[in-house]
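Dear colleague,

I am handing over the structure below, and I would be glad if you read the notes that follow with it open beside you.

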Amino acid sequence: MKPLGRTGISVSDMCLGTMTFGNDAWGCDAAESRKLTDAFIEAGGNFIDTADLYAKTVSESILGDILQDHDRDALVVATKCWFPQADPPNARGLSRRHIIAACEDSLRRLKTDYIDLYQFHGPDPYTPLDESLAAMADLIGSGKVRYAGLSNFHGWQVVQANEAAKRSGMTGLISGQYLYNLLRRDIERDILPACQSEGLGVICWSPLASGFLSGKYRGMDKPPEGSRFDQMGKVLLPRFWNEKTVALVERMAAMAEELDESIVAVALAWCLAQPGVTSVIAGASKLSHLEPQIRAAELTLPDAMLTELNEAIPCDKGYPDDWFQVAGKGTFPTEHIREA
Ligand SMILES: NC(=O)c1ccc[n+]([C@@H]2O[C@H](COP(=O)([O-])OP(=O)(O)OC[C@H]3O[C@@H](n4cnc5c(N)ncnc54)[C@H](OP(=O)(O)O)[C@@H]3O)[C@@H](O)[C@H]2O)c1
């Protein structure tokens, strides 16, 4: 358990992702979703992430039913708004009107009086941040939401949104939810430092690269027909599947064997070992996926493995980071300079 951002609430290292719940194409039905949630909570997990987007709101409804049979107050339930919920142009984004309507709808589907963490799923180029954050502050004031977070914002937008949050009267944003795994480390460039300097906890999505880092595609030239990678190939193949990533999974398989662990546990343990990361949201479409994920929270990778993994597919921070590494080191005492 760790505190989420600069708050008094603690969340489990592993967060249960529910994007698979009720997803007919590459997810699981309500019965399997219940098994996953029950097992996650039984194993000590308290943090669950959903969104109105997932399975066109069905994920929230399934989770709402499951929550009825658990101690709601022992859990930290997170959801999100931003994606279109209907055709009219005002049923999307981060306008005051949509945030409040979406929150009311999520509360109804989740069958709960409050959302612990309400997150902006993405930035809205049209709505002033002050409007969005004032709406969030009102939801917190009315008791419908406890804390506010964001997802998929640029680093500079994180800072602007947090400033707007503080102007709105709330204590500030508490978390950022981002794509982060061994194959995609883009957030190390600007977003992770922005979250750290603003005091936001970081929650990683797709820590297994949508399943690529489970090792299930080893030895294949292309994903099997009907698999998630096959169905979402346009997005997932360019994002995660290339010679370097295939080679890294082979190295991870050898590491996993040496540790008598799974590739999944190695991948998630790496994420959890990264500075600034609070929790990782792994997804699962069946119960057997969960056990190695839960074990990851207990796994400390040996230093040599951590170093090798850190160096495998690093984030190219580019300019002005490379400029500062040279010019800054000649200008300031080196102990004050963050390593590239
Ligand atoms: N904020 C955002 O924009 C955003 C975006 C995406 C996701 N998310 C959140 O992050 C959560 C996780 O995302 P994700 O599903 O992409 O995460 P992920 O952990 O990268 O991928 C999950 C998939 O990996 C495979 N898998 C997991 N454990 C396995 C195991 N032990 N053995 C073999 N395969 C295994 C399964 O794929 P198969 O089902 O194909 O077997 C599973 O559905 C979502 O549920 C959601 O809450 C947020």
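The largest nonpolar core in this predicted model has 101 residues, and Met136, Ala148, Cys204, Ala267, Leu268 and Val280 have the most contacts inside it. Such a core is a set of buried Ala, Val, Leu, Ile, Met, Phe, Trp, Tyr and Cys residues joined through C-beta atoms within 7 Å, where buried stands for 20 or more other C-beta atoms within 10 Å of a residue's own, C-beta atoms being placed from the backbone. Helix α10 (residues 263-272) gives this core its largest share, ten residues; helices here are DSSP runs of H or I with at least four residues, and strands are runs of E with at least two, numbered from the N terminus.

Val264 is found in helix α10, and Val264 counts as buried because 26 other C-beta atoms lie within 10 Å. Leaving out residues up to four places away in sequence, Val264 touches Leu208, Ser214, Pro292, Gln293 and Ala296, contact meaning C-beta atoms within 7 Å.

Turning to the ligand, 30 residues are around it, and Gly17, Met19, Gly211, Gly283 and Ser285 come nearest; a residue counts as near if its C-beta atom, placed from the backbone, lies within 6 Å. At least two residues of this shell are supplied by each of β10 (277-282) and α11 (290-296).

As for conventions, residues are numbered from 1 along each chain as its sequence is written. Because the model is predicted, local features need pLDDT of at least 70, side-chain atom pairs count only at pLDDT 80 or more, and totals for chains, interfaces and linings use all residues.

With best wishes

Conventions:
Buried ≥ 20, exposed ≤ 12 C-beta atoms within 10 Å, placed from the backbone. Contact = placed C-beta atoms within 7 Å.
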